[in-house]
Amino acid sequence: MSSDHVQSAARSTGSAEAPFLDLLARGASADAYEQPVLIARAEGRPADRIAALEEAKALALRVRSELEGRRRREAELSALFETAHDLAGLRDLDAVLRAIVQRARSLLGTDVAYLSLNDPARGDTYMRVTEGSVAARFQQLRIGMGEGLGGLVAQTSRPYVTDDYFKDDRFRHTLAIDAGVRDEGLVAILGVPLTLGHHVIGVLFAADRRARVFEREQIALLGSFAALAAAAIDTAHLLTETRSALTELERANAIIRDHSAVIERASDVHDRLAELVLRGGGVHDVSAAVSHILDGTVEFAETAPAGPLETSRAEGHAVRHKDDWIAAVAAGGELLGALVLRGHPGLDPVDQRTLERAAMVTSLLLLARRSASEAEQRVRGELLDDLLDARDRDPRLLRERAARLEADLDATHVVLAARLDGPAADADQEAAARRRLWSAASHLAATRHGLAATRDGGTVLLLPLATGDTATELARRTAGHLGTAVHEAVTVGASAPVRDPADHLDAVAAAYEESRRCLDALRLLGRSGDGAAAEDFGFLGLLLAGDRDITGFVDRTIGQVVAYDDRRGTDLLHTLDAYFACGMSPARTKDELHVHVNTVAQRLERVGRLLGEDWQSPARALEVQLALRLQRLRATPRHEPPKPS
C-alpha cells in the first residue's frame, strides 16, 4: 500500500472518530453520541461511512462509560480512605459514625442515610445516627429484633433492598416502624449489615423518598462503609477493653509489690534463662531448662486449647487446664504459640511466674529468629529496588551483591507483579494479608535464587527463567504457590524475559511496568488468582507489552491464512478484507469481489478451518481485523518493483 493510501485511510478513520472525540472532550451526555450517525443517515452518506460512525460511536460510549466509572470509583475510594483515616485516629466514636453516614448518603445520592445498633440489654435495636432525616418519630425509633427491613438484614446477615417499602412483603411490617417510615416519606430503602465476626451488631441504611433501583456497585459501596463502621465500633470496644486490661495490670502490680520475695526469685530464674539464650540456646533449650527447674515436662507448642490459651494471652499469666499449665507466647498482641507444663496440676505462685517468664524469653527468641529472616528479606528487597530505580549502579557491584544472596544476574529473568485480590474486613486485616504475601514472596524468592520487594501496594519478584519455561507458566505457578501460602487469591502479571538484568537496568524497570499492566488487565478481566504475560491477551497484549510485538501478534492471529495464501496462491486475505469492509455480509462481499456468493462462502469456510470456528465472534473478529490492518502496513505491495540493492 502506498503512503498516500495509508494517509487517506488514516484521514478516513479519523473523520469517523473526530465528532465522538469532541463529545468525549466536552463531557456530553450519552444521547448526544447518536447525533453524528443520525446526521450521516440524513445526508445519505455511504453505508461504510455510517458503519464506521457506528463503530466509533460504540467505542466512544465504552470509553465514556469507563471514564465515568473511574471518576465514580475515585470518589468512592477517596471517601473510604478519609473514613479509614478518621478511624485510624479514633477519638470520638459518634463523630466517626456521623462521617460514615454522611459520606454514604453523599456518594449514593440518597435523601436519607441512617445507622441502627442492637441493644442486647433491651433485646431491640435503636437509631444511633441519622443524616437527612426530618421526622422526630423516625429518629427515635426502637425496633424489635426481626421486625422491618432492618430485622430481615440482621436475621440473614445479608444486604436487602426494596424499591417500594410499603408494597414489599418479604419482611414483617409493624405499626410503629411503618408510621416512622411514613412520617419520613421513605419509599426505596437499602440496608446492609454491620458485622463483627459472625455477629450482626447493627444495620447501615440508605433511603430515598421516591422509587429507585440501587445498583450492585452502590450496594457494595454501602457494605464497605458498614465494614468501616463496624471496625470503628470494635475499636471503641477494644479501647474499653484496653482500659480494663490496664486496670488489671495495676492490680497485678499491687500484688507484685506485696510479693517482692516471689518476684526476686522469679527474676533470678529469668536471669538464668537470659544467660542460656546469650550462650546461643534456642527455644527447645529454654523448654529443657524450665523442665529441670520445675521438675516437670515443659514443651513449646504452636497450638494449644483455644480457651485457656486466649485467657493466658489476654491476662499475661499461665492458666491451668486440667492437669496442665499453659502460658501464651505472645509479642505485641501477636500469638506465637504456648509453653505447656504437662501433668503438674499443683503449681505455687513462684513456679507459675517462672513458667510465665520462660514464655516471655521464648517470645524474644522467636522474634529474634524472625528478625534475622526479615533482615535477609530486606537485603533482597533493597537489591531489587536498586535494579528498578537506580539506573546508574555499577553492574559489577550489583552482581556481587546478588551473588551473596545466591542470585545470578547474568541469567534470564522475569519480573512478576503480585497482588492479593481477596476482600479485607478492615485495614488491619488488609495490612496483615499484605505482610503474609510479602513473607511468602520473600521465601519463594530465596528458594528460587531470585529477589522480592514490596512496591506500589503489592509485591514484585525477579525470578530466573529456566530453559524451556515461559513467562506465562512461571506467572501461573507463582500465583498458585503464593495463593496456597497465604490462603487467599493472588493475581500475578509477568513481563517478557529480561536478559542480563544487571547490564540492562532500563529493561528491568520497563519489565516491571509491563508486569503491572498485565496484573491490572487480569483483574479487569475478572481473572483473580491467575497468572499471565502480555502474550496471553491477544491484541490487548500489544498495549500491555513493553516491546509491542506486532509481528508476533499478526502471526498468532492470521498467520495460518497468510501461510495458506503463500502455499496455494490463493487470496483469502483479500476476501477477509472485503468481508469485513462489507459489514460481514456475504451478499455484498460477492459484489465487491465480482464472484459468486458460493465462492465467498467456500473461502470463508476455508478461513474458519484455518482460524477456528469462533473467528467471527466479536472479540476474535476485532483481533482479526486489527491483524489484517497491521499485515497491510508491514507487507510490501506485490506490484511494487524491488528496490535496487
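1. The accessible surface of the protein chain amounts to about 34,800 Å², and 52% of that area belongs to carbon and sulfur atoms; such areas come from the Shrake-Rupley method with a 1.4 Å probe, and for residues only the protein chains shown count as cover. This is a predicted model, in which local features need pLDDT of at least 70 and side-chain atom pairs count only at pLDDT 80 or more, while totals for chains, interfaces and linings use all residues. Residues are numbered from 1 along each chain as its sequence is written, and side-chain values use heavy atoms, with hydrogens and water left out.

2. Of the 645 residues of the protein chain, 41% count as buried, where buried means under 20% relative accessible area, exposed over 50% and partly exposed in between, with a 1.4 Å probe and protein chains only. The chain has 22 helices and 15 strands, these being DSSP runs numbered from the N terminus (helices H or I, at least four residues; strands E, at least two). Among contacts with a separation of 6 or more, 60% join residues 24 or more positions apart, a contact meaning heavy atoms within 4.5 Å.

3. Helix 11, residues 306-315, has Pro-308, Leu-309 and Ser-312 as buried residues. Viewed down the helix axis, the buried residues of helix 11 fall within an arc of 100°, so they line one face of the helix; the arc is that of the directions from the helix axis to the C-beta atoms. Ala-306 and Ala-314 are exposed residues on the face turned away from the buried side of helix 11. The buried residues of helix 11 pack against strand 8 (319-321), strand 9 (324-331) and strand 10 (334-342), and the helix is followed by Gly-316, whose phi is positive, near 75°.

4. Asp-323 lies in the loop between strand 8 and strand 9, and it counts as partly exposed at 45% relative accessibility. Leaving out residues up to four places away in sequence, Asp-323 touches Leu-341, Arg-342, Gly-343, His-344 and Pro-345. The C-alpha atoms of Asp-323 and Arg-342 are separated by 7.0 Å, although the two residues are 19 residues apart along the chain.

5. The axes of helix 19 (residues 572-581) and helix 21 (residues 597-611) come within 10 Å and cross at roughly 105°, where axes are lines fitted to C-alpha atoms, for helices over the stretch in contact, and angles run from 0 to 180 degrees between N-to-C directions. Helix 19 and helix 21 are therefore roughly perpendicular to each other, a description given to angles of 65 to 115 degrees. On the side of helix 19 the contact is made by Leu-572, Thr-575, Leu-576 and Tyr-579, and on that of helix 21 by Arg-603, Leu-604, Arg-606, Val-607 and Leu-610.

6. Two loop residues with positive phi deserve a look. Met-584, a residue other than glycine, has a phi near 60°; Met-584 is found in the loop between helix 19 and helix 20 (586-593) and is partly exposed at 30% relative accessibility. His-594, in the loop between helix 20 and helix 21, also has a positive phi, of about 60°, although it is not a glycine, and His-594 is exposed, with a relative accessible area of 72%.

7. Ala-621, in helix 22 (residues 618-634), is buried, with a relative accessible area of 5%. Apart from its neighbours within four places in sequence, Ala-621 is in contact with Phe-580, Trp-615 and Gln-616. Ala-621 and Phe-580 are 41 residues apart in sequence and 8.8 Å apart in space, C-alpha to C-alpha.

Key: Angles under 35 degrees count as roughly parallel, over 145 as roughly antiparallel, 65 to 115 as roughly perpendicular and the rest as oblique.
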